[in-house]
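Below are my notes on the side-chain contacts of this structure. Please read them with the model open.

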Amino acid sequence: MCLSVQAHAEQKETLGEWDVHYMVVNTPFLTPEVAASYGIVRSKYNALVNISVLNKDTGEAQRVSVTGNATNLLGSKKQLTFKKVEDGDAIYYLAVLPFRDQETYRFEVTAQRAAEKQTLKFKQKMYVD
């Protein structure tokens, strides 16, 4: 699978029992075939938010519910709609975020399974390529 197109852009945060990996990349980095297979519109004005949740001890992918939003510096909030993608033992949660050049977003993404709920917060400036 080509969802790890820019592994160097990926970041990780340990939240409770989970390692939450996340990256935000422009959708043109995806091949047309990969984008089409997951229903992602490639555009220089669309970013792909990719979240994966792993057990911090075993590294096993976790099936969780993922919700979130992205808020720009003017306070405009966009709800992120995540779609679960399973590829072998890997599980990815993907959402598309439309943006403008040099727009900075504060992301708040929540992963939940039963009583365990963790929230990831990060900030990223977006650029049109």
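1. Tyr-22, Tyr-105, Phe-107 and Phe-122 are linked by ring pairs into a cluster. The model is predicted. The count of aromatic pairs comes to 3. One of them joins Tyr-105 and Phe-107, a tilted pair with 6.2 Å between centres and 50° between the planes. Tyr-105 and Phe-107 are both buried.

2. Phe-107 also pairs with Phe-122, and here the rings are stacked, at 4.6 Å centre to centre and 10° between the planes. This pair links distant parts of the chain: Phe-107 belongs to strand E8 (residues 103–113) and Phe-122 to strand E9 (residues 116–126), 15 residues apart. Phe-107 has a relative accessible area of 2% and is therefore buried. Phe-122 counts as buried too, at 9% relative accessibility.

3. The whole structure holds 3 salt bridges. One of them is between Asp-19 and Lys-12, with 3.8 Å from N to O. Its two ends are placed as follows: Asp-19 is buried, at 12% relative accessible area, whereas Lys-12 is partly exposed, at 48%.

4. Arg-63 and Glu-86 form a salt bridge of 2.7 Å, N to O. Arg-63 lies in the loop between strand E3 (46–55) and strand E4 (65–72), and Glu-86 in strand E6 (residues 83–87), so this pair ties together parts 23 residues apart in sequence.

5. Glu-86 also meets Lys-84 in a salt bridge, at 3.3 Å from N to O. Glu-86 is partly exposed, with 40% relative accessible area, and Lys-84 counts as partly exposed at 44%. Through shared partners, salt bridges join Arg-63, Lys-84 and Glu-86 into one network.

Notes
Residues numbered from 1 in each chain as written. Predicted model: local features only at pLDDT ≥ 70, side-chain atom pairs only at ≥ 80, totals over all residues. Heavy atoms only, no water. Phe/Tyr/Trp six-rings, centres within 6.5 Å; stacked < 30°, edge-to-face > 60°. Buried < 20%, exposed > 50% of the residue type's maximum accessible area, 1.4 Å probe, protein only. Helix = DSSP H or I, 4+ residues; strand = E, 2+ residues; numbered from the N terminus. Salt bridge = Lys/Arg side-chain N within 4 Å of Asp/Glu carboxyl O.
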